[in-house]
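Please have the structure open as I talk.

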Amino acid sequence: MEQSRKIQFRGPMKWGELDPNRRRSTHVGMWAWLWQRISAVAIIFFLGLHITRTYIPIIQFLLLITVVFHAVLGLRVILLDFNLINIRYRNSLLGVLVGLGALIFMIIWKGIY
Amino acid sequence: MSKALNSRRLVKIYRYDPSVGGNGHFDQFDLNIEDETKTTILDLLIRIQKTQDPTLAFRYACRVNMCGSCGMVINGCEALACKTNVSDLPEKCDITIRPLNHFPVIKDLVVDMKPFFQKLEASIPYFDPVDESMEPAVIRPDSKERNLIGLATECIQCGCCVSSCTMVNYHENYAGPAALNRAFTLLADSRDGLYDLRMNQVLESCYHCRTEFNCTEVCPKEISPTRAIKYIQLLALKEPRRLKRQNLLKPIHEEKTSGKESLPSADSGCNWLIEQHNRRKFLKQIIFGIGTASALVVGGVIAAAAIGPSLKRIPKRLVRLDKLEAFPVGKVSTIVMNDIVPNGFYKSEIKKPVIVVRRSDPDKIVVFNTSCTHLGCTVHWDESKKQYMCACHGGAFDEEGNVTAGPPPRPLDRYAFKVEDGYLFAEVV
Amino acid sequence: MIWETSCRAEAFEGCKEKFVNMIRKVKTDVLVIGMGGAAEMAVLNAYDANPDLEILIVTKALRGKGGCSRMVQGGLNVVLHSKDSHEKHLMDTLKGGQYINDQQLAMTMVEQATPTIKEMETKYGCFFDRNPDGTVHQKPFAGQSFDRTVHKGDLTGIEIISRLTEQVMKRDISVLEEHRAVDLLIDTTGEQVVGALILDIKNGEFIEVNAKATLLATGGGPTHYRFFAPGPEKSVDGLGMLYRAAVVMRDMEMVQFHPTGLIIPGSVVAGSLLEEGLRGAGAHMLNIHGERFMERYDPEKMERTTRDIMCRSSYLEIQAGRACREGGVHIDASHLGAEFVEKNFPGMVSRCRQFKYDLARQPVPVSPSAHYIMGGAAIDVNCRTSMERLFVAGEDAGGVHGANRLGGNGICDSCVFGRQAGKAIAHYLAKNDGQVPESASGMAEQLINRYMKPFEIADGTDPFELRDRLRETNWNKVGVARTGSDLSEAIDEIDSIAGMAENARIAGLNTYNMPWNVWIDLLNMIDVSKMVAGSAMLREETRGAHFRLDCPDQRDDYGIFNIFQKRGANGTIRYEKKSVAFSFRSLDQCQKYKK
């Protein structure tokens, strides 16, 4: 007896797989998450450099900027986690926080130099 | 408006034939669209099926955004085909249509929603009354719980949120946005009696959320599963003691022995599952390897930063003190040493007194560091007592620098020195 | 549940190489076809009455996603308020149905609706909109003497079906998704329905399901018209299967049209409804000249007239050549004030906005849209039919609504009779416990051969084209306004389409083949069209949704009757007119009732 013709499902598509419009599916919140992880790695890297080469201004500059950036993104998660900000404003919140971070950064940098 | 009339669009549709297998490919269809504002993506698919390729497969039912059958990825964003009009997409751009992510593909744009319903089922999506009352509960529409739940119960289970989530793929235990949203609406519902069970079932899952809001962005019903997940996390904070972490996401019913097992989809579609399992295992090993390597690198950097400076050989500097004649023989003279230290990107000037003792024998020169060996106060020469005295804690040293009184643990430090061209130099480290 | 796979190669000689030649057999206690409101209520009630029952649901769509119950916007009529009464609800229903309802069924519906809705709230977790004081809110709906429609915003169906589907998950009930029943299976005596032949849409395999009791609750959905309100995947499957199984049917001429189906040229969304409340609020209906044409048809009530009169007025206006550019008439709510419209009809405004119609400020093209079939299998209050072991509930059953259905009584009918059927099935199986009956030998193979035929035809007709033709024929000749000569022409045309459908050709393989499913849909639509046209020929009067241009009056003196029909052995339909039994309220009481 001839076996029945097998049909085979394809494994699930991964996020972004075969997707020429992949960038479009990266929404604001995803960038926020992604950049926080990237800045974390950058902090470790710059921190190492900072300890070995203490007073090199470019390293100080990069370390400060990544720390501030990482911190405001963390602040975003806290605000959203504890429902302190209506999620309706999630996208503008990111803008406001990054702006705030830039301000803090400038104040600190001015304070040093 | 005129631009939207009689336009041509290139539609690229993902194709997969289950009797052929493989990875699938994109087919292109060229379509003339009479009025883009009146044409949904679903209309496009139906038109292609009628006029160009009858074998094209997609899924739809109600065509008015109520059933959630036609979820797909349209130009990179999850959406319902019946809710997306061609005019909603950028003008003149090609239209790319793909099946949803994270679900096995049956054919073309049709995915197997079984994983979705399994996760939903495991998060106890069903109501169980808290009491036996037969009368509808009296709950004011402006009550706290109803305001909180709002329209979150109107989920149509289209799977768009799961497809847009980048975390469901990495955490096997993650129930996904839709299931957690449903769990939230029941956890917040005072009529429901399965609070503890449901909380145990879903809580762990909630911590897999990375607050990306992808699900909220794509939801065709404008529900925010992210909000629901955050709410469950908050609930857990309020009543931590009620929760026992249990075996998570374990199906509530054992699958019926013969019936469900022999469903065709279960056996014919599992090859990719094994494949994926192996791939996942391999991926895990690779990720573990990369993790270990990067931990070593990072650890190395930190260790080097901490220990490095003390291991490094620092070149000795000669600091010029003064002409040799300036120090009278047989006397103890004090002079301020002007040391310029290169430090990072700038140079610091350190002014520090040193004591130079010149004996009658020309070779007998001693250069003392004026810092007391106890806590570093500056010592001075007391001519009458013939001793170096420290004002801070009463330490005293004799002419050779040995301790004669007080707390200092060791004799005064000496600098090595050099005489060159009639000048005295101290060797500073 | 026992699954077995048997090889029956001899049945597939024609296409042995190309297709699967296995047939799978399943035996179960209860087979439920469909997964809308009626089917789910039945399953839940049968399971709760006896959790040992093995229940198998087969649904054409994904679980809970098919069926018209999900698409309910308005709500569910039920007597909850102390000032309301079952008596009033019954009289409203009979008045709406122009007295030809089965009064026992109507009585059961209004009386059982109250406990049903309470169970849905307290047992199944539905949450309907509340009054400010926290009690269940009931809104007014057309044709009712009391505000009794329970609702959840304007998406009541989603709430009901989502909650019921979850309850099915909670219980140990097997669901086969994307499996469609193609025909009922009959035993050798020809008097028992012993299950159904099921097609697995995903891989194209057939499954022969034998059951001790079968519930047919696929929902109707008159999608065999040019404009239709139900989802396009509905295709009167249940009614078609009942017809082929020679079950006694009734009132098949009664097809309800909704007066305001949106027109979207070229789109499948065309026909989706704009709420009746718009007319109630005072929206105008205009023809191409901008005239309020209702002055010609019902100058007293104007646009606030009943659904059926509104439909036929629009239809006649269109036929008279005063249609708007899109082929319908305009509904204009702009004079009500944009703010008022946006606040009160947000769902409708956004549905229009998707297609760049501005309901609040501009006229929007609408047309009558096929909405509901009042007819169906003749059932008793326990949903039993003329065939043993077969139960029918929901839109597949007829008699509850008579000649016209009130808004809000549709989902009520489904939920109440689903519940009745569930209880009745559990009761029936407790009494008739025995072996799972076998279908007549060779029947499944014969059916499979028939359904596989279009794959073998090399050069045949296109099912999409045939479906469009059938839709046009029905729209023009068996639609809103009918005449005797049109109907007899229509019957001939339907027969010729049926002939061509036998010669249809399907390309590709049988895995998730959508044109193949369209063809199977078409076969059901053809059978139902035959029943509707034949039955409409025999009712030479105008009553409720049935409007005869050649006999425009309702003739209560001529005899109040129902038309029953049954397919005969040689394929011809046997009709029978039966006088209505006024078992609770006399004709006189009904006629005098004023709300």
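Let me begin with the contact between two of the chains, where 74 residues of chain B are in contact with 77 residues of chain C, and please keep in mind that this is a predicted model. Between them, chain B and chain C bury about 6,400 Å², with 56% of that area on carbon and sulfur atoms.

Turning to the polar side of the interface, we find 29 residue pairs in polar contact across chain B and chain C, counting pairs with both residues at pLDDT 80 or more. There are also 7 salt bridges across this interface, and one of them joins R59(B) to E178(C), whose closest N and O atoms are 2.7 Å apart.

Which elements of chain B supply at least two residues each to the side that touches chain C? They are α1 (41–51), β6 (105–107), α2 (114–122) and α9 (264–268), and the largest share, 6 residues, comes from α1(B). By class, that side of chain B has 34 nonpolar, 19 polar and 21 charged residues.

Is T122(C) buried or exposed? Its relative accessibility is 9%, and because buried means under 20%, T122(C) counts as buried. Within chain C, the side chain of T122(C) reaches the backbone oxygen of K118(C) at 2.8 Å, while on chain B T122(C) touches F127(B), P129(B), S133(B), M134(B), E135(B) and P136(B).

Key:
Residues numbered from 1 in each chain as written. Chains lettered and ligands numbered in written order. Predicted model: local features only at pLDDT ≥ 70, side-chain atom pairs only at ≥ 80, totals over all residues. Heavy atoms only, no water. Buried < 20%, exposed > 50% of the residue type's maximum accessible area, 1.4 Å probe, protein only. Polar contact = N/O pair within 3.5 Å; in protein donor to acceptor, adjacent residues only side chain to side chain. Contact = heavy atoms within 4.5 Å. Buried area = accessible area lost by both parts, 1.4 Å probe. Salt bridge = Lys/Arg side-chain N within 4 Å of Asp/Glu carboxyl O. Helix = DSSP H or I, 4+ residues; strand = E, 2+ residues; numbered from the N terminus. Nonpolar A, V, L, I, M, F, W, Y, C, P; charged D, E, K, R; others polar. Lists of a residue's contacts leave out its neighbours within four places in sequence.
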